[in-house]
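Welcome! Take a moment to look over the sequence and turn the model around before you read on.

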Amino acid sequence: MDGIREIIGRIADGRMGDDEATEFLRVVFDDGLAQDELVEMTLAMRDSGTKIDWIDDIARRVVDKHSTGGVGDKVSISLAPALAACGAAVPMISGRALGHTGGTLDKLESIPGFDTEMTFLELKNQVIEIGLAIVGQNQDLVPADRRMYALRDLTGLIASVPLITSSIISKKAAEGITSLVLDVKTGKGAFMQSQDQAETLARSMKKIAESIGITTTCLVTSMDHPIGYAVGNSLEIIESVETLCGRGPADLEELVCIQGGVLLGSIGLAEDNEHGAVMIQDSLYDGTAYSKFLQMVSAQGGNPEIFSSDHSLMQALGILDEDLLSFEIKAEQSGWVRDIDAMLVAELCLGLGAGRSEIEGHIDHSVGLLLNVSVGSPIMRGQSLATVYHRGFDEKGMLAVRKGFQISEDEPDVASRILEMF
Ligand code: URA
């Protein structure tokens with residue numbers, strides 16, 4: 001295709017009208033792009049805005065992760081501080097909740113005062129000073145993608161491997177990172193329902209990221225049931241704090257340690273991935289990751305004092321609000337929990353107000369669902385499967401989530417969420 005850089009430039013600065021730009025996106029959607037064209041498009045998108053240049057000493061330690069979006073996916077909130085505690089530099093530009101998936105920024109904004117808006121210079125300075133920042137996309141970050149994504153959203157052109165690849169990798173490239181880990185989700189609560197689709201997207205992103213000099217490792221992970229126990233913004237902050245203090249759920253801790261280990265291994269701060277995973281785990285158990293998290297909260301406008309006790313944290317996060325009601329979902333039979341449908345849990349939480357169905361939608365940070373069991377738990381009839389935190393939601397709607405809990409007579413095997421790594 002001729003002049004991709006020119007086309008992207010004209011899309012970014014508005015010289016190309018909506019119809020012509022959409023026509024270009026539709027051609028890519030329908031016919032795909034050759035590898036060299038996709039690299040050219042990704043670089044042109046990256047160059048449409050500001051790119052962070054790091055000085056040498058930091059440059060080789062700058063890392064990030066990207067997840068394609070899940071249910072209860074709070075990995076970034078523990079991973080970024082743990083990486084910083086181990087010596088990496090993490091300029092994490094994250095997204096918001098949309099549809100059934102949650103967003104790291106919304107979760108962090110449950111912390112009163114936490115500010116996710118920053119200029120590139122502020123982001124860079126905070127990372128130099130304390131090793132991490134988690135912020136939203138600003139006007140200068142890949143403006144070409146901003147326009148392309150809005151047009152794709154309006155015209156049904158989101159589900160395209162080359163368009164998703166260039167969108168995600170151009171933004172990561174603008175952060176000036178050396179190494180990237182991609183967590184591509186598959187299963188009931190993921191955008192990519194089949195493992196094959198997830199693998200195709202993962203391989204495309206890895207190929208393009210590596211062609212432009214970013215060392216990249218992909219994990220294809222199962223998103224059939226929610227990650228950890230908490231789904232909902234404030235509840236997920238509490239679970240992240242537990243994880244940062246070495247008391248997190250095993251599946252969440254595994255995702256944090258494996259992804260962090262890969263990054264520490266790839267930038268040479270660990271001997272290899274396994275050693276890196278141990279370093280990350282140590283940082284969760286010895287308080288250094290938590291202390292980085294508190295530094296980030298303070299640097300971004302939050303009050304670290306609210307983390308001084310469980311009570312003050314729950315109060316600050318709105319969990320003790322008088323108008324926040326709770327409702328128990330009880331098991332109708334005894335046995336073992338075989339599965340918990342992530343999509344049904346996500347749809348309930350969206351209905352409660354924990355997420356948004358359109359980009360400008362309002363979020364209620366305190367509502368959500370807390371699982372009282374995990375896959376593999378024994379359960380007695382009448383025992384609580386989950387507690388729903390709501391503001392007067394209809395009971396029938398809450399009970400609908402019960403069919404997402406599969407109870408079997410035999411104890412199921414509990415598998416790792418990590419299906420593939422390459
Ligand atoms: N997330 C992005 O940033 N871009 C896409 O195209 C899809 C998901």
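Helix α13, residues 273-285, has 13 residues and reaches 18 Å from its first C-alpha to its last, close to the 18 Å expected at 1.5 Å a residue. Please keep in mind that this is a predicted model. With that said, let us go topic by topic.

**Helix α13**

- Which residues of α13 are buried? They are G276, A277, I280, S283 and L284.
- If you look down the axis of α13, these buried residues fall within an arc of 120°, so they line one face of the helix.

**Helix α2**

- Now find α2, which covers residues 18-31 and has 14 residues.
- From its first C-alpha to its last, α2 reaches 20 Å, close to the 20 Å expected at 1.5 Å a residue.
- The buried residues in α2 are A21, T22, F24, L25 and V28.
- Seen down the axis of α2, its buried residues fall within an arc of 155°, so they too line one face of their helix.
- What does the face of α2 turned away from its buried side carry? There you will find the exposed residues D19, E23, D30 and D31.

**Two residues in loops**

- V71 sits in the loop between β1 (63-67) and α5 (75-85).
- Is V71 buried or exposed? Its relative accessibility is 1%, and buried means under 20%, so V71 counts as buried.
- With a relative accessibility of 4%, S160 counts as buried.
- S160 and L348 are 188 residues apart along the chain, and 28 Å separates their C-alpha atoms.

**The largest cavity**

- How many cavities of 30 Å³ or more does the structure hold? It holds 1.
- The volume of the largest cavity is about 150 Å³.
- This cavity is lined by 19 residues, and the closest to its centre are H100, T101, G102, V231 and A354.
- Sorted by class, the lining of the largest cavity has 7 nonpolar, 10 polar and 2 charged residues.
- Both α11 (233-244) and α16 (342-352) supply at least two residues of that lining.
- Which helix gives the most to the lining of the largest cavity? That is α16, with 3 residues.
- Domain 1 (56-137 + 172-308) and domain 2 (323-408) each provide at least three residues of the lining of the largest cavity.

**The second largest pocket**

- The second largest pocket contains about 460 Å³ of space.
- Its lining is made of 22 residues, and H225, D251, V414, A415 and R417 are the closest to its centre.
- The lining of the second largest pocket divides into 10 nonpolar, 7 polar and 5 charged residues.
- Helix α12, residues 250-266, contributes the largest share of this lining, 3 residues.
- Where does the second largest pocket lie? Domain 1 (56-137 + 172-308) and domain 2 (323-408) both give residues to its lining, so the pocket lies between them.

Technical notes:
Residues numbered from 1 in each chain as written. Predicted model: local features only at pLDDT ≥ 70, side-chain atom pairs only at ≥ 80, totals over all residues. Heavy atoms only, no water. 1 Å grid on protein atoms, 1.4 Å probe; cavity = no way out; pocket = protein on both sides within 12 Å on 5 of 7 lines; lining within 4 Å. Points joined across faces, edges and corners; volume = space filled by probe spheres on them. Helix = DSSP H or I, 4+ residues; strand = E, 2+ residues; numbered from the N terminus. Nonpolar A, V, L, I, M, F, W, Y, C, P; charged D, E, K, R; others polar. Domains from an automatic or database assignment. Expected span 1.5 Å × (residues − 1). Buried < 20%, exposed > 50% of the residue type's maximum accessible area, 1.4 Å probe, protein only. Arc of directions from axis to C-beta.
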